[in-house]
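Q: Could you take me through this one? I'd like the overall picture before we get into any single element.

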Amino acid sequence: MTTRTVDTTEELAAFLRSRRERLDPDRLGLPAHRRARRTPGLRREEVAELAGVSTDYVVRLEQGRGLRPSAEVLAALARALRLAPGERDYLFDLAGRRRPGSTGGGAAAGSAPSLARLVDDLSPLPAMLMDHRYDLLAWNPEMARLLPDFAAVPPGRRNAMWLCLLHPPMRGFYADRESVLRDGVAHLRAAWAAHPQDRALAGLIAEFTAQDEDFARLWAEREVRVNGRGRKLLRHPTVGAITVDFEILLPLENPELRLLVYRAADQESRALLDRLCAR
């Protein structure tokens, strides 16, 4: 199967259209028009007025006609379209502009082994280290007992999204699989824009889109909101239902890595988790 990296011009156009069409003009306090709207959301001229640019400029952007908007224009469009922080970052990445507040620095050499040792030190809390593709780089024994035995999964398939989508033992593992998938797809879409030349990531997305209809459906929604913390109900095959709170931490010296830590959300789950990890 051939894979393609990000067509940023095409995706930028589609993303702007999708975010314009989702806005309710009544909620933005825009003047009512006598002429009925034929399409949902704002008109291009309304976005142009809110952003302080010409209507023709918005039209050309939405048609993917090779424009490279400045950081100032991108910020104005983000305000006009009421973009959330993750969506704003996605817009800047697609346009090839440095995100506001980002350092632009690369990964720190040698940080992954140090973080892998930290994963072990976090025991007895289940923890694992992932990269921006959700490839699993390190995990401690507690995480291996809570989730499928990673050592038994072929190295080329040690990817959190692949396990959730295509690994049969994981199909019923998450009680709210839709929410877990939605968060994962939103993360991968943001990573896809931030790493336009990453062919391994493009290959994963092509595989997931072709083999899982839920992934394909969520990918088409262009959601890029990513949750750094939350709660999950896990259906463990040995001990039953365990509710965990999770935190995703980004190391300052290597923000391409993600440290995921689980904690029991209640006393019953703590007892079950302790029993599982003591096996």
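A: Of the 279 residues in the protein, 44% are buried, where buried means under 20% relative accessible area with a 1.4 Å probe, protein chains only. This is a predicted model, in which local features need pLDDT of at least 70 and side-chain atom pairs count only at pLDDT 80 or more, while totals for chains, interfaces and linings use all residues. Residues are numbered from 1 along each chain as its sequence is written, and side-chain values use heavy atoms, with hydrogens and water left out.

Q: How many helices and strands does the protein have?
A: There are twelve helices and five strands, taken as DSSP runs (H or I, at least four residues, for helices; E, at least two, for strands) and numbered from the N terminus.

Q: And which residues are buried in α10?
A: Buried in α10 are L201, A202, G203, L204, I205, E207 and F208, and their cover includes α8 (160–166), α9 (177–194) and α11 (213–220).

Q: What does a side-chain oxygen of D198 reach at the start of α10?
A: That oxygen of D198 comes to within 3.1 Å of the backbone nitrogen of A200.

Q: Switching topic, how many disulfides does a search of the whole structure find?
A: The search finds zero, a disulfide being a pair of cysteine sulfur atoms within 2.5 Å.

Q: Then why does C164 count as buried, and what about C277?
A: C164 counts as buried because its relative accessibility is 4%, and C277 is buried with a relative accessible area of 18%.

Note on methods:
Buried < 20%, exposed > 50% of the residue type's maximum accessible area, 1.4 Å probe, protein only. Contact = heavy atoms within 4.5 Å. Polar contact = N/O pair within 3.5 Å; in protein donor to acceptor, adjacent residues only side chain to side chain.
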